[in-house]
Amino acid sequence: MFKIETLTGHDRMSTQDLLLAIEDAVRQGETEFDISASGQHDIGGPLWHPEGKTLHFHVTNPGQRVGSMCLENTEIVVDGPTPADVGWLNAGGIITVKGDAGDTAGHCSAGGKIYIGGRGGTRTGSLMKHDPLYEEPELWILKNVGSFSFEFMGGGRAVVCGWDSAQFSSVLGERACVGMVGGVVYVRGMISSYPEDIRCLELDEDDKAFLDGGMDAFLAAVEKPELRAELSDWSQWKKLRPLTFEEKQPKPQPDLGDFRMHDWIKGGVFSDVAVDDFAVLNTVNHGIYRLRVPSWDNGKYASPCEFNCPTGIPTQRRYDLLRLGKFDEAFQLVLQYTPFPGSVCGTLCPNPCMEGCTRGSIDEAIQIGALGFQSAYTKVEPPKEKTGKKIGIIGGGVAGLSAAWQLARKGHDVTVYDDAPHIGGKLEQVIPQKRMPHELLQLELKRIQDIGVKFVTSCQVDREKFAAIRAENDAVIVATGGHKSRFFPWEGKEKLTMGLDFLKKVNLGENPPIGKHVLVIGCGNSGMDVASGAYNMGAETVVAVDVSKPAAFQKEINRIEAQGGKLVWPFMTQKITDEGVYANDGRFIPADQVIVAIGEAPILDYLPDDPSIRKFRGDWLVPSAEKMILEGVFAAGDVIKPGRLTDAIGDAVKTAHCVDEYVRGEKITPVVTKQVIPMERLSKAYFEKCHHCELPEPSDDHNRCVSCGTCRDCRMCLNSCPEKAISREEHEDGSWEYISDPDKCIGCGLCAGVCPCGIWSIQDNPEPIRMYRTYGK
């Protein structure tokens, strides 16, 4: 007997590990299994012994789908009940459940036998089927079943004994046998209703012989042999089967011609509202008589890169401009969305835009990150007109500066207040300069100043100062980010060094003291930055631990491992001592300094004690849909929710939009994100001719860009239209539009079919076809 215990202490074997262990044992020749399960799925199938021997399983406490796709020469006995889908797609096994079965017991079974010594759940026996080349499946149930039982049954035999079920109005539940087209259900007990196309009949001799021949084996399997006499009174049984083809009465088809001539005519029941002249339209028509009409939906959908970019940068539009040779406009376009195309887009961002890039499903994603870097040195002119509105922003990090950038470009006077001696937030204070050139950040900060944003540094904002800033400005944005290191109440937590404070000191050149052997709690990007800082300060060894798979970018992990650092996971910290850190499973990692870097929460003690300010878990602000926390006070970035740099920029864009409308006295309309273009609209075959071609410079990658949802002016629709119904119209600003002439268009849909970018749509004609005559009174 091959025994498997799936629960050892608090450690539970996964379903995958259990199934692999069973498969390995079968390959080694085992045939007898005793499995103490703890909710694992799919135990018992599909398996076959290398020598064709029968496999025997004794199972307790299984999860769903016991015996799923079970094969011949497999026998499973479950002590106690089972959850849903026992015997799902059974293909020949014998499965016994000594208790109740969950929903969809025997679902889709096509062979073998299933014995249930209790009740069956909803949709028991649904979609059972029978291949005439093999023995039909059997499903035996001692008691009753739930509603929708034997739904869409196509074959096999089911037996519902109805024992201990007198309290139920129907042992088959409600709406039994709906859609049943084959097979037989034998029932003992009350049946409330069944569909009109199902026959409820007395047993014939063949039916009795089948039940009598199988009853002993069933009752023995579920350990109820004493019920043999009680269940063998065949006068208490009925059988349900669907109507045969011959029994079904075909419904007469209506004669539409007769209906038109005798019912739908002048003087008939509808003559007061419509008169039919009996004109028959051709299949191919123009104008309002087309069955379908095209529409040129340029820019209706967001491209995957735009949709997956939290900042919302429409890279496909940048490449459209580059394709036309409008390089300055293309590099300027990204600056409408972010002031940090070099520091963030081109250097620090993980570029989720590239992860969603359609081109990546053909060969390599478009080089969006590198393209962003090419806008780093682009100059932006300050706004020519000023609104006279003043906006104060508390926090000089990515979110605050991005909001300032947006609002200053709209003509508002913007002042950014920060408590640090240098503006820039975590870009300046925390990110190691090895990851981002400091001169690049300074260049982009200067560009923000050059359009009129004022920086006030070393400004400690308390409640009094906040009230003063609020009084001096037409609106205020709270964007101070997360600067309070988070940690759990571990034993020895007082020995921790806060990762954020450590990185700030490193970047300020203060050379904070460091141990020889450092352990970092947290394997995200912040943890990797701390590990790098520890090495730079003189640590000999650095180990980073986490409770789950490291969330840091792979290039950051590679950087630390190249320096000799190690990442250990899963590792759940339990206790911190002077000698090192203990995990909850007893593992110990020696360390003379422990630095925590598992995230930060905002410090918001400068806000007034106002009950209308809502917070999540007492730390993060919960603004309204208009991004407001108090009248005239808005929030952006990590004070709302921790995230990546690009998340903070994208959130700041939305906040700036709301602030702009607020100070102008307009109704605030929150930014609505476009729906991403459905992939089936794109004709990728157009681009596969360049499959695996050599990658060009990022600014020359426009030929590879699919331009999802945005017209690339390829003229394929113009040249493909069989009726020459499409024309191209160019506007004074150099943009263009394709127009379909309804008097020529027949609604064939070729334009939508050949468009590589998913611009053309074809849909049913929305205009009603009016063929009515007007009669005078």
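Predicted model: local features only at pLDDT ≥ 70, side-chain atom pairs only at ≥ 80, totals over all residues.
A residue is described as partly exposed when its relative accessible area lies between the limit for buried, under 20%, and that for exposed, over 50%.

A search of the whole structure finds 37 salt bridges. One of them joins the side chains of Arg-188 and Glu-230, with a nitrogen-to-oxygen distance of 3.7 Å. Because Arg-188 belongs to strand S11 (residues 182–188) and Glu-230 to helix H3 (residues 228–231), this pair ties together parts that are 42 residues apart in sequence.

A second salt bridge is formed by the side chains of Glu-247 and Arg-199, at 3.5 Å from N to O. Glu-247 is located in the loop between strand S13 (237–242) and helix H4 (256–262), and Arg-199 is located in strand S12 (residues 198–201), so the bridge ties together parts that are 48 residues apart in sequence. Glu-247 is partly exposed, with a relative accessible area of 23%, and Arg-199 is also partly exposed, with a value of 34%.

Elsewhere, salt bridges that share partners join Arg-435, Asp-529, Glu-556 and Arg-559 into one network.

Helix H13 was examined for its geometry and for the burial of its residues. H13 contains 13 residues, and the distance from its first C-alpha to its last is 18 Å, close to the 18 Å expected at 1.5 Å a residue. Which residues of H13 are buried? They are Leu-440, Leu-441, Glu-444, Leu-445, Arg-447 and Ile-448. These residues cover an arc of only 150° around the axis, and therefore lie on the same side of H13.

Leu-443 is also located in H13, which spans residues 438–450. Leu-443 counts as partly exposed because its relative accessibility is 33%. Together with Phe-373 and Tyr-377, Leu-443 makes a nonpolar surface patch of about 290 Å².

The cysteines were examined for covalent pairing. A disulfide is a covalent bond between the sulfur atoms of two cysteines. The structure holds 0 disulfides. Cys-658 is in no disulfide, and the nearest cysteine sulfur, that of Cys-309, is 18 Å away. Cys-658 is buried, with a relative accessible area of 1%.

A cis peptide bond, with omega about -10°, joins Gly-45 and Pro-46. Pro-46 is placed in the loop between strand S4 (32–36) and strand S5 (55–60). Another cis peptide bond joins Trp-569 and Pro-570, where omega is about -5°. Pro-570 is likewise found in a loop, between strand S23 (566–568) and strand S24 (573–576).

Asn-73 has a phi of about 65° although it is not a glycine. Asn-73 is situated in the loop between S5 and strand S6 (74–79) and counts as partly exposed at 43% relative accessibility. For Leu-127, phi is near 60°, a positive value in a residue other than glycine. The loop that holds Leu-127 runs between strand S8 (111–116) and strand S9 (138–141), and Leu-127 is partly exposed, with a relative accessible area of 35%.

Note on methods: Residues numbered from 1 in each chain as written. Heavy atoms only, no water. Patch = residues over 30% accessible without salt bridge, like charges linked within 9 Å, V, L, I, M, F, W, Y side chains within 5 Å. Areas by Shrake-Rupley, 256 points an atom, 1.4 Å probe, with all protein chains shown as cover. Salt bridge = Lys/Arg side-chain N within 4 Å of Asp/Glu carboxyl O. Helix = DSSP H or I, 4+ residues; strand = E, 2+ residues; numbered from the N terminus. Buried < 20%, exposed > 50% of the residue type's maximum accessible area, 1.4 Å probe, protein only. Disulfide = S-S within 2.5 Å. Expected span 1.5 Å × (residues − 1). Arc of directions from axis to C-beta.
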